[in-house]
Amino acid sequence: MSTDLVSATGLVEQLYAELEQKVRLLRPKDDLTQLEKAYRLAADAHKSQLRQSGEPYMVHPLQVTLILADMQMDMVCLETGLLHDTVEDTSVSIDQIRRTFGEEVAGCVDGVTKLSKLNLYSREERQAESVRKMLLAMVNDIRVIIVKLADRLHNMRTMDALPRERQERIAQETLDIYAPIAHRLGMGKIRGELEDLSFKYLEPEASAELRREIDSYRQQNEEFLNKMRHDVEVNLARENIPARVEGRVKRAYSIYQKMKRQKIGLEQVYDLLALRIITDSVKNCYAALGVIHNEWHPIPGRIKDFIAIPRPNLYQSLHTSVIGPGGRSCEVQIRTDEMHRLAEEGIAAHWKYKEGRKGPGADDQRIIWLRQLVEWQKELRDPGEFMSTLKVDLYPEEVYTFTPKGRVIVLPRDATPIDFAFSIHSDVGNTCVGAKVNGRIVPLKYALKNGDVVEILTQAGHLPSKDWLALVKTSKARNKIRHVINTTERAKAIEIGQKYLEREARRLGAQLSRVTRADLESVASDYGCGKIEDLHAALGYGKFSARQVLQKLAPDQVEALPAEVPKPPPSTTGQPTEATGDLVIKVKGCDDLLVYRAKCCNPIRGEGIVGYVTRGKGVAVHSTNCSNVQNLMYEVERKIDVEWARAASETFPVKIQIYTDDRPGMLNQLTSLLFAEQSNIISLEARSEHKGVEGAVIDMTIEIRDKKQLERVVSAVRRISGVRDVERTQ
C-alpha cells in the first residue's frame, strides 16, 4: 500500500473517529451501530474517488456529517449526511439504502440526490427539476434541506480547487436559492456564512477590498465595542437585569448590500457595529431596551419590535440603533436565550435538547410557508420561469400590514394592494377594483408600508388586468394573474389561429374539408404541439405561418415557396409590422423570422437571451434577467429559443451609472480606463448630490463588444479609488 493511500485512509478514519466522539457526547443514549454501518458503506462506495483538491472523496460526506452533528441533528440526519452522495455518484441504489437503513434515511437520501443528467437536456432544466424535487421532499421531511444546506456549506468552504466558471455558477446558485432558504427557515448562522462565501467568489475584488477596509478600522472598532459592552453591562447590572452582552461587526456581504442599495461609503453604515444583549425573559428584553434608550440617544426610525410581531421565519428580537460614545452609531439587538437559539439555528433547533422530539410540528409557520411555496410552483412547467419565480418567493419579507379586523399580512417590500388582495384569497384578488389604506382610497400601485391597515374593494365579474403584472411583488399574485390572462389570451389566440388558417386556405385554393382530424394531429405533432388547439394557438401567436402548415397538410394543393418569410397573423393592436430585423441574433433552427433586441434591457453578446413572439412585430429578444421577462412570459406559447449569430464585430451601446466621491481627477481616470479597454464613449453626464446622496453620479453610454468586456470595464471602474458603486441601467 502506498504512503499516500495510507495517509488518505488515516485522514478518513480520523474524521470518522472525531464524528463518533462528538455524537457520543451529544447523544450518550443512542446506539451508533447504524451510523458506523453507514460510514462503512459510504467509505467503500467512494474509496476510489477523489475530490478536485486531490483529497479522498469520503472527506466530504464526513465533514458534512460533522456540520450536522454540530447542529445536534438526529441519527437519521447523520446517516443521511454520510450516505447523501452514494446514490448520485456510486453504484449504490436507493433500494439498497432502504433495505439497510430504513424508509426515513432512504427518503432523505433520495430527496438530496440530484436528478440524473440523462433525464433532461439542458443544465437549466436539470437544475430546475432537481430543486423542484428537493422542495417536494422537504415538505415530507425538512431534514432533506438541512442535509442539503450542510452539503452546500462544505462545498462552498472548499471551492478553491474548482475552475473559475464553476465557482461562479455554484456561488450564484447558493446566493439565489440556498442562502434564502436558510433565511426562510430561520437558520441565520448558515445563511450568513453561505452569503459571505458566495460574495467572495462572485465579487472577489469587491470582497477583498471591503475586508481590507474593515480590517483597517479593526482596532478602533474593537475599542468602541469593548467600551459599549462594558457600559451596557454596568447599566444592566444596576437595574438587576441578568444578561450577557456580545459585540460584533456586521457581515461583509450584508455591509456590501447596504452600501450598494443606499450608495454610501463604509463610514455611513449605521449598523456596521452591533451589540447583542441576551437575557432571560421577554419582560427583561423591554426593560433592557429602556436602559439603552435612557443612556444613549436612539436614531429615529431605527427601532423594530420583532418580538411582538415575529418575522415569517419566526425570528424574534428587539432592534434599535443608538448614538454611542464619540458620536458613533451602534445597533443593539435584544432577545432571550430561546430567541437567540432560534435566530442562529432556526428550524434545526427543534432536534436539540428535547429527547424524543421529532423536529418541527406540521403547524410550524415555516413548514406552512414551504407547503404554500410548493403549491404555487406546481403549475410552472417552464424551468426558467420556475427558477425565477422561486427566487422571488425566497426573498426576505419586509412589510407588516393588517386587515381591518387586525389580521397580520406579511408581504415583500414595495408590495401593492393587489398583492395584499391575493394573499387574502384568489377571488378577492381577481375581483379587486380598488383599495383603502388607513381609511383613504389609494391607487393599486401604492407601495404598502409597515403598519398599513388595508381594505380591498371588489366588484363581481371583474378580471385582473395585464398591467398588474408590472405592479405585483409576490409570485402568488403573479401566477394567479397570469393564469387568468393566459386562459383568456389563449382562447383568443386559438380563434385567431383557426381563422388565419382558414383564410390562407381560401386564398391558396386549398380545401380543408378534405383534411382529416388525424392529419391535423399529425402536423400539430410535427410542430411540437400536443393538440390541434395548441397548433391553432401557435398560429394565433405568430409562431408559424399558415402557409407552412398548409403545405404539410395538403402538399399536393399548396406549393412551398423558397426562403419564404412567414407572415404573422393579423395584428390585434392595429400597429404596422416592422420590416427590419437584428442580424446579430437569430431564432434557433430558423433564419427567416424578424428579430429585434428589446430596448428595455438591450442584451449584449454573451448574455443569456430569450425570444418573445409579439403580434405583428416579429420576435422581441430580452436578456434572461430582464425585469420585464417575467411579466411577458405568462404565455409560455410565445416563448421561442434564440441565439447569438456568429458575427462578432458589432458593438452595443450600454448605459452605466457610476456613484463616486466628488473629487478632482475622477473623470480623467474613467476616460483613461475606457481608452485602455478600447471602449468608445457615446455620451457622458456628471452631476453632484443626486437624490440626497452625497457625492457625484456619472451617467455614461459606452460601446461594448460583449458581456466579458463589460465585466472587465465594470471591475476596473470599481477598483478606482472613490468609486462607491457601478450599475448598468436599462
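Student: Let's start with Q678. Where does Q678 lie?

Tutor: Q678 lies in the loop between α26 (666-676) and β19 (681-690). Helices (H or I, at least four residues) and strands (E, at least two) are DSSP runs, numbered from the N terminus.

Student: Is Q678 buried or exposed?

Tutor: Exposed, with a relative accessible area of 63%. Buried means under 20% relative accessible area, exposed over 50%, and partly exposed in between, using a 1.4 Å probe and protein chains only.

Student: And what is phi of Q678 near?

Tutor: Phi of Q678 is near 55°, a positive value in a residue other than glycine. N240 also has a positive phi, of about 60°, and N240 is not a glycine.

Student: Where is the place of N240?

Tutor: In the loop between α13 and β1 (243-249). N240 is exposed, with a relative accessible area of 66%.

Student: What should I know about the model itself?

Tutor: It is a predicted model: local features need pLDDT of at least 70, side-chain atom pairs count only at pLDDT 80 or more, and totals for chains, interfaces and linings use all residues. Residues are numbered from 1 along each chain as its sequence is written, and side-chain values use heavy atoms, with hydrogens and water left out.

Student: OK, the whole chain then. How many helices and strands are there?

Tutor: The protein chain has 27 helices and 21 strands. Of its 730 residues, 49% count as buried. Among contacts with a separation of 6 or more, 66% are between residues 24 or more positions apart; contact means heavy atoms within 4.5 Å.

Student: Switching to helix α15. Which residues of α15 are buried?

Tutor: N284, C285, A288, L289, V291 and I292. They are on the same side of α15, because they cover an arc of only 160° around the axis. The arc is that of the directions from the helix axis to the C-beta atoms.

Student: What about the other side of α15?

Tutor: K283 and N294 are exposed there.

Student: And what do the buried residues of α15 pack against?

Tutor: They pack against α13 (218-238), β2 (273-279), β5 (318-323) and β6 (329-336).

Student: New topic: S198. Which helix does S198 lie in?

Tutor: S198 lies in α11, residues 188-202. S198 counts as buried because its relative accessibility is 0%.

Student: What is S198 in contact with?

Tutor: Leaving aside neighbours within four places in sequence, S198 is in contact with M156, A171, T174 and L175. The side chain of S198 reaches the backbone oxygen of A171 at 3.3 Å.

Student: Last one, the sheet with β9. In what order do its strands come?

Tutor: The order is β10-β9-β11, in an open sheet of three strands with antiparallel pairing. Two strands pair if DSSP finds at least two bridges between them. The edge strands, β10 (440-442) and β11 (454-458), each pair on one side only.

Student: How many bridges are there between β9 and β11?

Tutor: Five, with β9 covering residues 432-437. The bridge partner of C432 in β11 is T458.

Student: Which helix lies across β9, β10 and β11?

Tutor: Helix α19 (residues 417-424), which runs at about 80° to β11. Axes are lines fitted to C-alpha atoms, for helices over the stretch in contact, and angles run from 0 to 180 degrees between N-to-C directions.

Definitions and conventions
Polar contact = N/O pair within 3.5 Å; in protein donor to acceptor, adjacent residues only side chain to side chain.
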